[in-house]
Amino acid sequence: MKTIYFDNNATTCVAPEVRDAMMPFLGERYGNPSSMHAFGGQVARDLRAARERVAAFLGADPSEIVFTSCGTESDNMAIHGAAEVLGSQARVITSRVEHPAVLGPCRRLRDMGFHEIEIPVDSVGQLDLDALREALKGGGPAIVSIMWANNETGVIFPMEEIAQIVKSAGAVLHTDAVQVAGKLPIDMRNVPVDMLSISGHKLHAPKGIGAFYIRRGTRVKTFMLGGHQEHGRRGGTENVPYIVGLGKAVELAEAGMAAENRQVAALRDRLESGLLASCPDARVNGDCRSRLPNTSNMSFEYIEGESILMHLSDRGICASTGSACAAGSLEPSHVIRAMGVPFTAVHGSVRFSLSRYNTGAEVDAVLTEMPRIISKLRALSPFCK
């Protein structure tokens, strides 16, 4: 049975070009880039080239890029690193719809005595900017961590405006840009964000590699102690094959972003409109005017999203109910609940997230199977009797 993969916000396949770029560093080019000999020095040059590619992709200077293991590590470096500099008198401000990689560290800081504030969103998942302004009033140090786009709904936050609000209050700003990277242009020369996180496996690089942008002059306590690697900001021998892979992935993303966005958005809209037409009591969750081109979060009333996913999986179709990092929880999505989605629909949410490797035939297959699944589950639902 052919797999139809519509769960690209959870992870993406490794692009063939990325895999090919990595292979020499899993074989003959295995030197340590910190070694003094020419064999290691050659690898150091490849590492430097990858850093320059990632920096160019983000509109940054190479000295502002730190390679990490993933977006979660980068988020933790930003939040804990800045909070340790500011001290426990600082406010920690985030949103109610963040990924667990941000909510977890912020809530831990709350338990350690920091004043944590979580900004609400409206019914389409957009951030309450007035609440953000209010949270920043009164002066005093603050670290703000707000995602650029939501991983469950695809809703894009107005990061330029958020940055202006935060910086005018004198606070430090971090953004989790994991879902934006490769889908929207990012240019740190035009957006006054202090720190930014991306993750390779969301844009067709392998799992286990991320990047952390730290604007020059931003004070962050070193998170991982050890050697001198990564400008002294993260000890440990660099994961060269994966770093090279990330460098290739961002190169591919930048070159094909505009065409890919048009292709993927057309497929997403075709899927979404087909499901709204064929499945009664379905709704789209999120701001349809400002969202990622690949993401559709839909609720199907009176049934459980987990049941839908199991039936889809039986047919070789991969989707999700939200963040893969919250899998196993029986609680409805904290993102969907924060938006005030009605009780009859809050448990029945499903996220479809596409990539450049999806096809119209795959969309048609989902449109064939979903009405049957929804009809079958509603026949069993006590809420539909």
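**Close-up 1. Where α3 meets α4.** On the α3 side, Thr 72, Asp 75, Asn 76, Ile 79, His 80 and Ala 83 touch Ala 101, Val 102, Pro 105, Cys 106, Arg 108 and Leu 109 of α4 (contact means heavy atoms within 4.5 Å). Sorted by class, the residues of this contact come out as seven nonpolar, three polar and two charged (Ala, Val, Leu, Ile, Met, Phe, Trp, Tyr, Cys and Pro count as nonpolar, Asp, Glu, Lys and Arg as charged, and the others, Gly among them, as polar). A word on the source: this is a predicted model, where local features need pLDDT of at least 70 and side-chain atom pairs count only at pLDDT 80 or more, while totals for chains, interfaces and linings use all residues. Residues are numbered from 1 along each chain as its sequence is written, and side-chain values use heavy atoms, with hydrogens and water left out.

**Close-up 2. The geometry of α3 and α4.** Helix α3 (residues 71-86) packs on helix α4 (residues 100-111) at about 25°, and their axes are 9 Å apart (axes are lines fitted to C-alpha atoms over the stretch in contact, and angles run from 0 to 180 degrees between N-to-C directions). That makes α3 and α4 roughly parallel to each other (the word is for angles under 35 degrees). The crossing of α3 past α4 is right-handed (the near helix is turned clockwise from the far one by less than a right angle).

**Close-up 3. α2 against α7.** Here helix α2 (residues 38-58) and helix α7 (residues 240-278) pack at about 35°, with axes 9 Å apart. This time the crossing is left-handed. Among the α2 residues in the contact are Val 43, Leu 47 and Phe 57, and α7 brings in residues including Ile 243, Gly 247 and Met 257. The tally for the α2 and α7 contact is 13 nonpolar, one polar and five charged residues.

**Close-up 4. An aromatic pair.** Searching the whole structure turns up one aromatic pair (ring centres within 6.5 Å). The rings of Tyr 30 and Phe 39 have centres 5.0 Å apart and planes at 70°, so they sit edge-to-face (planes over 60 degrees apart). Tyr 30 is exposed at 62% relative accessible area, while Phe 39 is partly exposed at 33% (exposed means over 50%, buried under 20%, partly exposed in between, with a 1.4 Å probe and protein chains only).

**Close-up 5. Leu 136 in its loop.** Leu 136 lies in the loop between α5 (129-135) and β5 (142-145), and is buried, with 7% relative accessible area. Its contacts include Arg 91, Ile 93, Val 144 and Ile 165, leaving aside residues up to four places away in sequence.

Methods. Helix = DSSP H or I, 4+ residues; strand = E, 2+ residues; numbered from the N terminus. Parallel < 35°, antiparallel > 145°, perpendicular 65-115°, else oblique. Phe/Tyr/Trp six-rings, centres within 6.5 Å; stacked < 30°, edge-to-face > 60°.
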